[in-house]
Amino acid sequence: MTSPPVAAGDLDGMRAALALAREAAAKGEVPVGAVVFQGGVRLSAAHNETVARRDPTAHAEFLAVQRALAQAGLDRLPDATLYVTLEPCAMCAGAVVLAKVGRVVFGAWDDKAGMTGSLGDIARHPRLNHQAEVLGGVLAEECGALLREFFASRR
């Protein structure tokens, strides 16, 4: 899939997430990075920490949402945008719904576990009490290449 036309702010957000994904790779983590912005202010940032924490739920976007909620002192983020380098899985898309994140912008599509358009669409499911705006495929090639290189180096 090709990247759709995006605003400069969305490109900046995705580049920030990519920098975090590179940090993750350098630490031996699957290279996924995430940042949360609200009103032009960066609330939080995270990369995957599943290996370091020995916790399969320590995904970048899950951690970034938790940290953004703590930073904002809120229990929901309807005016925030989550930027993440890989399409969120079911757990992370569920966190987006529960935290009522306003927008999700992601890079690479995940045809094996993606739940914001690939396998399913939890973040926009009409029967849930919140639907996030979703923009996928932003800097998809760069995000996907980082993941491919990481896994190729481990084979």
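Guide: By the rule for salt bridges (a side-chain nitrogen of Lys or Arg within 4 Å of a carboxyl oxygen of Asp or Glu), the count comes to nine. This is a predicted model, where local features need pLDDT of at least 70 and side-chain atom pairs count only at pLDDT 80 or more, while totals for chains, interfaces and linings use all residues. Residues are numbered from 1 along each chain as its sequence is written, and side-chain values use heavy atoms, with hydrogens and water left out.

Visitor: Why is the contact of R103 and D10 called a salt bridge?

Guide: The N to O distance between their side chains is 3.0 Å, and the limit is 4 Å, so the pair qualifies. R103 is in strand β4 (residues 103-108) and D10 in helix α1 (residues 8-26), 93 residues apart. Helices (H or I, at least four residues) and strands (E, at least two) are DSSP runs, numbered from the N terminus. Both R103 and D10 are buried, which means under 20% relative accessible area, with exposed being over 50% and partly exposed in between (1.4 Å probe, protein chains only).

Visitor: What makes R15 partly exposed?

Guide: Its relative accessible area is 45%, so R15 falls between the 20% and 50% limits. R15 forms a salt bridge with D12, with the closest N and O atoms 3.7 Å apart.

Visitor: Which parts does the salt bridge of E142 and R22 tie together?

Guide: Their side chains meet at 2.7 Å, N to O. E142 lies in helix α5 (residues 140-152) and R22 in helix α1, so the pair ties together parts 120 residues apart in sequence.
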